[in-house]
Amino acid sequence: MNILYISTLFPKADMNSTIYTDLAETLAERGHRIFVVCANEKKFAQPTYTAQERGCTVLRVQTGNLYDVGTVEKAISQLTMTGKFAKAIKRQLSGEKIDLILFEAPPVTMGSIVKKARKIFNAPSLLMMKDIFPQNAVDIGMLKKGSAIYRFYSREEKKLYSSASFIGCMSEANIKYIAEHNDAENCGELILFPNTKRIKTEIIKNPTRPLRKKYNIPRDAVVFIFGGNMGRPQGIDFLCAAADKLVDRDDIFFAFVGRGTERGIVEQYVRGHKNAVLINNLPRDEYEAFVLECDVGIVSLDFRFTIPNYPSRILSYLEYSMPVLCATDLSTDMRELVEQSRCGFWCPSDNTDEFCRRAKELADDIELRTAMGQNGRRLIEERFTVDKSADIVECVAKKANLQN
């Protein structure tokens, strides 16, 4: 099978890996031909080019800057990317037979590119839905409902859903939300498509904990790690407020790893407190080595969300047999996942007292942490390995071909 995968981001193998590169590599290992079309940001000063990477043919299209830039520049780059991607696909790949088009959201503007690609290749498409925009931006006060910008992105959202033959949703709550808020006739078929990753079969921990020493983290403290994007959706101010209430506990330490628009809140907190450290975004291998030296994984979402988010950051915690402490809104079904599998604790992300109570409970009981961590490892092995996603892709392609 020939698969066209359209994405804004596809890190090179020597730089990083993501849940998307894991999927592309796994599909390639199964014998499928994978053509990746991704952005090559202007800041890298490289023209459009094609290379063989991760077992895939990767077409890197020169675009504007998309990451670590201001909102206006990012929006302009996303909008102008449509024509550039379509032109590059037609010029470089139109002679190929494509059986399935894979793509993801965000960005919500991807629908126009996919519609053009479907016309070129006469192929079905599968949207891997990771964010529900623009409603998520409205929930946390980044956009005003009814504004001109909101109306524009709402139209783009409709294009996105109508460009998909199938819409892969991260959880059952995701499926329910999209079904309730969109016309079924203008949407692809909704299916369950959870976040997954390639997991290691053997986990080896370094007893000397060298990364704790590197970042001046107490060797014997119970370390709670928050890794990944530090944006407004993640409720960073809530986490800092909760950590502040635990500052008298010398045995509890918070490690914030990553970048994002709210990173400044953490920087300010860390400067005046001894129970936390802020670490720059790390390559995946180093990040996961650091996770191995931590004890509890944190998942946090802004309490105002009405859309059911499902952060992929939980996967590394589960893989490494770490209990999780989830502080989220009431819309996500992550609470059910954590409580039913008994892999950690959940609390509402507007209640710092409850967060602290659960944090203390985990810090005080190593046997509890061990049991919950083992449950988490069992959970990822059963439900969230990358092979599950690859199976879904293959089934979708087979179903689409039967329908045609």
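I started with contacts, where contact means heavy atoms within 4.5 Å. With that rule, 72% of the contacts in the protein chain with a separation of 6 or more come from residues 24 or more positions apart.

A note on what I'm looking at: this is a predicted model, where local features need pLDDT of at least 70 and side-chain atom pairs count only at pLDDT 80 or more, while totals for chains, interfaces and linings use all residues. Residues are numbered from 1 along each chain as its sequence is written, and side-chain values use heavy atoms, with hydrogens and water left out.

**Overall build**

I looked up the secondary structure and got 15 helices and 14 strands for the protein chain. Helices (H or I, at least four residues) and strands (E, at least two) are DSSP runs, numbered from the N terminus. The radius of gyration is 21 Å, close to the 22 Å from the globule rule for 404 residues, so the chain is as compact as a globular protein of that length. That radius is taken over C-alpha atoms, and the rule is 2.2 Å times the number of residues to the power 0.38. Along the principal axes, the C-alpha trace spans about 65 × 50 × 45 Å.

Next I checked burial: buried is under 20% relative accessible area, exposed is over 50%, and partly exposed is in between (1.4 Å probe, protein chains only). Of the 404 residues, 57% are buried.

**Helix H10**

I then went to H10, residues 284-292. Its buried residues are Arg284, Tyr287, Glu288, Phe290, Val291 and Leu292. What covers them? The cover includes helices H1 (19-29), H7 (210-214) and H11 (314-319), plus strands E9 (222-227), E10 (252-257) and E11 (276-279).

**Charge pairs**

I counted salt bridges next, each one a side-chain nitrogen of Lys or Arg within 4 Å of a carboxyl oxygen of Asp or Glu. The count is 29.

I looked at Arg198 and Glu29, whose closest N and O atoms are 3.2 Å apart. This pair links distant parts of the chain, with Arg198 in the loop between strand E8 (189-192) and H7 and Glu29 in helix H1, 169 residues apart. Arg198 is partly exposed at 32% relative accessible area, and Glu29 is exposed at 58%. Both also belong to a network of salt bridges with Glu25 and Arg54.

Buried or exposed: what are Arg60 and Glu53? Arg60 is buried at 6% relative accessibility, and Glu53 is buried at 12%. Their side chains meet in a salt bridge at 2.8 Å, N to O.

Lys245 pairs with Asp353, closest N and O atoms 2.8 Å apart. I have Lys245 as partly exposed at 43% and Asp353 as exposed at 52%.

Last stop was Ile298, in strand E12 (residues 296-300). Ile298 is buried, at 2% relative accessibility. Which residues does Ile298 touch, not counting those up to four places away in sequence? I noted Phe224, Ile225, Phe226, Leu239, Phe254, Arg313, Tyr317, Leu325 and Phe355. I also checked Gln374, 76 residues from Ile298 along the chain: the two C-alpha atoms are separated by 17 Å.
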